[in-house]
Amino acid sequence: MIWGKASDISLGGCFVEMPIPLKIETPLTITIWLGETKLRLPAHVASASPGFGIGIRFNTVSAEVAAFLEQHLLTMA
């Protein structure tokens, strides 16, 4: 398990701050807490910036999760 701070969350992915990034294309499951809801999303590393973090691209997201994520993003805007 690796901990990081997620930011720039969108329907397609997010950025995770971490000093030593994972390699591009590394598959992973990211767990994100949005309010009281815990989302576990299959994903992979899309980009890496040593000293800053990694860009995560979500893989297949169910319609239910996508709707929840979209609603959450609208409340944050």
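Which residue in S4 is the bridge partner of Ile 30? In this predicted model, select Ile 30 and look across to S4, where Leu 41 is its bridge partner. The two strands concerned, S3 and S4, pair in the antiparallel sense over eight bridges.

Next, display the whole sheet. It is open and consists of five antiparallel strands in the order S1-S2-S5-S4-S3. Strand S1 (5-7) and S3 stand at the edges with a single partner strand each, so one side of each has no neighbour in the sheet. On average, neighbouring strands are turned by 45° against each other, direction ignored.

Move to strand S5 (residues 53-58), in which five of the six residues are buried. On one side, S5 runs antiparallel to S2 (residues 13-17), joined by five bridges; here Phe 15 stands opposite Gly 55. S5 also pairs with S4 (residues 37-49) in the antiparallel sense, over six bridges, and Val 45 stands opposite Ile 56. Follow the chain from S4 to S5 through a hairpin with three residues between the strands. In that turn, Gly 51 has a positive phi of about 85°.

Finally, select the largest nonpolar core, a set of 16 residues. Among those with the most contacts inside it are Cys 14, Ile 30, Leu 41 and Ile 56. S2, S3 (27-34), S4, S5 and H1 (63-76) each supply at least two residues of this core. Return to Ile 30: beyond its neighbours within four places in sequence, its contacts include Val 16, Leu 39, Ala 43 and Phe 58.

Note on methods: Residues are numbered from 1 along each chain as its sequence is written. This is a predicted model: local features need pLDDT of at least 70, side-chain atom pairs count only at pLDDT 80 or more; totals for chains, interfaces and linings use all residues. Side-chain values use heavy atoms; hydrogens and water are left out. Buried means under 20% relative accessible area, exposed over 50%, partly exposed in between (1.4 Å probe, protein chains only). Helices (H or I, at least four residues) and strands (E, at least two) are DSSP runs, numbered from the N terminus. Two strands pair if DSSP finds at least two bridges between them. A nonpolar core is a set of buried Ala, Val, Leu, Ile, Met, Phe, Trp, Tyr and Cys residues joined through side-chain atoms within 4.5 Å. Contact means heavy atoms within 4.5 Å. Axes are lines fitted to C-alpha atoms, for helices over the stretch in contact, and angles run from 0 to 180 degrees between N-to-C directions.
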